[in-house]
Amino acid sequence: MPSPYRAIFATPGTKGFTAAGLIGRMPLSMVGIGVLTMITELGGSYALAGAITATIALSAAAVGPQVSRLVDEHGQRRVLRPATLTAAAAVTGLLVSAANDWPSWTLFVFAVVAGCVPSVGSMVRARWTALFRDTPQLHTAYSFESIVDELCFIVGPPLAATLSAGWFPEAGPVVALVCLVTGVWWLTALTATEPKPHPRHENPDRSSALRSPGLQVLVATFVATGAIFGSVDVATLALAGEHGDKSLGGVFLAVWAFGSCLAGIVFGLLHFKGKAEPRWVLGISAMAVSMIPLLLAGNLPFLAVALFVSGLAIAPTMITTMALIEAHVPHAKLTEGMTWISTGLAVGIAIGSSVTGWVVDAAGAQNGYVVSLTAGCTAAAVAFAGYRRLTRPAQGEEPASDGDGDSREIRSGDTGRVA
């Protein structure tokens, strides 16, 4: 049987924007670890490093949806290039201030401005959605995008940590910055697959996509999910440092991402029936349970196995989340809606990384996974509490169909099917 992944790339232009998106997305996995390693290599504490990465994440959480909202209105090319240049200038200032031992407050100023970095993953997913909306191929495309995300997290963390720890402290963030500018410029040059913008005069509803009750549940849950990611990053890097090789932490995080990547590949090949909401709650719950072995890991080999198993729940949950966003957010606000998920993750990463930094400094790296387990339990609790709102169509949502009478409820259930 032909691979569904091969089938989606039969459409002209898909290979180009996928390659550009891969390069532009690398900073997603490299900046946090790169800045964390840079600050600690330059003599700063884990608490300071975690606070700076948290500041970048919080700034991205505040600015990112606004950038994506402008993209929905004016198009990717007109918005992404100036936003990327602004973020690049801020990251450069952050590196210069850290290298020259400027006052700590200057690091935070540049970190705030760096938050205007665009959500490249949302831009690529918006292109897939424009091509395959309301078709089974969209599930395959979302699955592939989650695989690309995990490939970034397989390559990015060990690359950033190795560069900063083994070459010079600023090397990881520098390479991430080059990837961002290159990827965004390439992506925005591919205008043939750019989604059609929705100017204000064509879209009188100026309310935020976040008014959707379903999207509110997804974002709230992903704040806690982001705390899982942020805490595991910091705790794993610190634990590797306690064992004498900080760059090894990036390798362990790559193992975590590799487990997610394998799960995403398989998930994209499966045929699903029924609604996506129960699968989403199951995925969130599995992520919470998978934090327990990390806390109990007594040695590095066991930790590697625990991280791999934990990663198996990530990509399927992310894929299902994207299907639910497409079901709950009007077409004209899709990029903004996807970016709100990134915002939730960014806020959670900020909380998780900063809190875990304090815990590591006070009680050691292993106890950092207490934050991970707490975040996982919180995510599951929010998912269960909001399940009824997630299964109800939001007021004012446009239907999935183009006149064939299918409702949003059916759309939510069928988005995850593969032909």
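Colleague: Which side chain meets Arg25 in a salt bridge at 2.5 Å, N to O?

Modeller: This is a predicted model. In it, the Arg25 side chain makes a salt bridge at 2.5 Å, N to O. The partner is Glu145.

Colleague: How many residues apart in sequence are the parts that Arg25 and Glu145 tie together?

Modeller: Arg25 sits in helix H2, residues 14-41. Glu145 sits in helix H7, residues 137-166. The pair therefore ties together parts whose separation in sequence is 120 residues.

Colleague: Are Arg25 and Glu145 buried or exposed?

Modeller: Take Arg25 first. Its relative accessibility is 3%, and the cut-off for buried is under 20%. Glu145 falls in that class too, so both residues of the pair count as buried.

Colleague: Which residue forms a salt bridge with Asp149, with the closest N and O atoms 2.7 Å apart?

Modeller: Asp149 meets Arg25 in a salt bridge at 2.9 Å, N to O. That pair links helix H7 with helix H2, 124 residues apart. The salt bridge with closest N and O atoms 2.7 Å apart has another partner, Arg125.

Colleague: In which helix does Arg125 lie?

Modeller: Asp149 lies in helix H7. Its pair with Arg125 ties together parts 24 residues apart in sequence, because Arg125 belongs to another helix, residues 120-132. That helix is H6.

Colleague: What is the relative accessible area of Arg125?

Modeller: Asp149 counts as buried at 11% relative accessibility. Arg125 is buried as well. Its relative accessible area is 5%.

Colleague: How many salt bridges does a search of the whole structure find?

Modeller: Arg25, Arg125, Glu145 and Asp149 are linked in a network of salt bridges. Side chains of opposite charge can pair when their charged atoms come close. For the whole structure, the search gives three.

Colleague: Is Ser260 buried or exposed?

Modeller: Ser260 is in helix H10, residues 248-269. Beyond neighbours within four places in sequence, its contacts are Glu150, Gly311, Leu312, Ile314 and Ala315. Its relative accessibility is 0%, so Ser260 is buried.

Colleague: How far apart in space are Leu70 and His198, C-alpha to C-alpha?

Modeller: Leu70 lies in helix H3, residues 46-74. It counts as partly exposed at 40% relative accessibility. In sequence, Leu70 and His198 are 128 residues apart. In space, C-alpha to C-alpha, they are separated by 9.5 Å.

Colleague: How far apart are the end C-alpha atoms of helix H15?

Modeller: Helix H15 has 30 residues, 334-363. At 1.5 Å a residue, it should span 44 Å. The distance between its end C-alpha atoms agrees, at 43 Å.

Colleague: Which residue follows H15?

Modeller: The residue after H15 has a positive phi, near 100°. It is Gly364.

Notes. Residues numbered from 1 in each chain as written. Predicted model: local features only at pLDDT ≥ 70, side-chain atom pairs only at ≥ 80, totals over all residues. Heavy atoms only, no water. Helix = DSSP H or I, 4+ residues; strand = E, 2+ residues; numbered from the N terminus. Buried < 20%, exposed > 50% of the residue type's maximum accessible area, 1.4 Å probe, protein only. Contact = heavy atoms within 4.5 Å. Expected span 1.5 Å × (residues − 1). Salt bridge = Lys/Arg side-chain N within 4 Å of Asp/Glu carboxyl O.
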